[in-house]
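Here are a few exercises on charged contacts and a pocket, each with a worked solution. Keep the model open beside you as you go.

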Amino acid sequence: MKTVLVGINAKYIHPSIALYQLKANTSYEVKVLEFTIKESIDKIYHAIIGENPGLIGFSCYLWNITLVTKLTRLFKTYHPHIKILLGGPEVSYDAEYFLNETKADFLIRGEGEVAFDRLLKVLNEEINEPVLASVPSLSFIRDGKLIATPMVLADLNKIKIAPLTVTDYQKRILYLESSRGCPFNCSYCLSSAEKRVRFFPLEDVVNIIRNAIEARVPVVKFLDRTFNINKKYFLTILKLIESENIESVFQFEIVADLLDKEVIGYLLTVKQRFIRFEIGIQSTNDKVNAAVNRRQDMQLLKKNILALRQNSNIELHLDLIVGLPFETKESAIFSFDEVISWRPTELQLGFLKFLRGTRMLDLVDEFGYKYHKIPPYEIIRNNLLSENDLSEIKKVEFVLNKIYNSKWFPKTLDFLFLNRLIASWYRFFLAFYGYLQDQKFSFSSYQRDTLYSLFANFLSETLPGYSEKLTFLVIQDYLDKAKTRPKKWWKDFKIIEKHELLPLVEDKIKPFTKEDFYRNGLIVTSEKEIYICFFKNFTATSFLIPLH
């Protein structure tokens, strides 16, 4: 019986690592097919049928469950003899619903390596059906009743780690685990379902990291929910990356208030520019965090994050969640303004989701939650946050992503932060969103130069005393991000002919030549400075030169 495992990914760069894990941990022949949610159902259907499968396994997540359901129904309508297997976090906590909804034959709950191999043994060797009861973590419907065998967690010392078997991993994110489980009990998170943290053998993880470094994988993202829970693992892996990495970016999810002085001291010495930490803040309101069983020392967390910010080689991605119990709009604004003041590399402003298997579903009535019953199950409103409140916060999220997280305006934002010109970044971003609406900005389709131009105009109107300086900085950011000579949208501050400028700058723009100056240079001159940007070989190289 030919088995085909199917991953329908949010993007091509995000591989279905779970399927490669299953394949690596069975002796039976398995074919992995991957698609994206943007591909048509017809294309996916025919690609799978073309493999002539006897068993089709789908990896199910928020982003693909609707498409998976349509596909399984098609297969069961036109090819009822083909067995359908479901697995993944989206279906693990409501097996009966999804088995009936999708018409699937089997569903594996939770970790699948052991269960998948045993299921293939039963199906391939045509063992009598009662033996299905020996397959752990398996659910199926018989005579209208749900049968669910006991859950079994894999022994991580016995299963293989399979990230480097991913197809074309040089062009995709390489997902890697060093542990499974989470010691915390956050009500909104599926990871809280397993309290015990289990670790893969450190030697195996180290070998995969070394292979990834040698292969120059662009991004390696650890799936561990609390990567720094084991200090030995944490430091061993970071020191390996620091000493051997060439160009791969390594991304970890950590708990910042678990970092002690020794670890902070080491992190401040890291010279590699390839470390990225994801840190969940969720809210700076202690009452909000307590309501969802999130334990964190806010003072220590802030202290450690500000300490890490001293080392610009470490990127910090911080997360906030809007809509948690007891969170008002004013509380959400305070959290946003506080956390963005820490100057993270990125700030994600997320919205509460009600995932199957989480305790948040038990709090719906108590806090008056209304949420979408289709993926991604996002909050609509609750007793403290109206739909209008959430709509407003989403406007701020849009501007946050375009102005801050895009990294399109580094010099401009540095000036605004260093000079403390913005009292509330939330209200500043909200005001800019309103300005974009007033200017008939097309939010769905726009040119980059339009956004730069409108941001410069908005800053000039909002902070008139800094108008020329801020416009000059926005222009610099705009030029720095271009690969070829971009469209000019500004009026010159001070018009000086190129031949008048050349004697002032010729000895300061090396290795660029006089010919480059006239042919490839774009010049912006303010009252005090000259900004020259050369566009050559699809690269922008800039020089800031005092005029006097």
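**Exercise 1.** Find which residues are linked with E111 in a network of salt bridges.

*Solution.* Start from the criterion: a salt bridge is a side-chain nitrogen of Lys or Arg within 4 Å of a carboxyl oxygen of Asp or Glu. The network joins E111, E113, E177, R180 and R198. By this rule the count comes to 34 salt bridges.

Before going on, two notes on the model. It is predicted, so local features need pLDDT of at least 70 and side-chain atom pairs count only at pLDDT 80 or more, while totals for chains, interfaces and linings use all residues. Residues are numbered from 1 along each chain as its sequence is written, and side-chain values use heavy atoms, with hydrogens and water left out.

**Exercise 2.** Locate the partner of E253 and say where each residue sits.

*Solution.* First, the partner is R225, with the closest N and O atoms 3.2 Å apart. Helices (H or I, at least four residues) and strands (E, at least two) are DSSP runs, numbered from the N terminus. Finally, E253 has 24% relative accessibility and R225 has 40%, so each counts as partly exposed; the scale is buried under 20% relative accessible area, exposed over 50%, partly exposed in between (1.4 Å probe, protein chains only).

**Exercise 3.** Decide whether each member of the K536–D516 salt bridge is buried or partly exposed.

*Solution.* The N to O distance of this pair is 3.0 Å. K536 belongs to strand β19 (residues 529–536) and D516 to helix α18 (residues 514–519), so the bridge ties together parts 20 residues apart in sequence. With 36% relative accessibility, K536 is partly exposed; D516, at 7%, is buried.

**Exercise 4.** Describe the lining of the second largest pocket.

*Solution.* On a 1 Å grid over the protein atoms alone, a pocket is an open set of points where a 1.4 Å probe fits, with protein on both sides within 12 Å along at least five of seven lines; lining residues have an atom within 4 Å of a point. Here 15 residues line it, and R309, R343, P344, T345 and K407 lie nearest its centre. Helix α13 (410–418) gives the largest share, three residues. By class, the lining has six nonpolar (Ala, Val, Leu, Ile, Met, Phe, Trp, Tyr, Cys and Pro), six charged (Asp, Glu, Lys and Arg) and three polar residues (the others, Gly among them).
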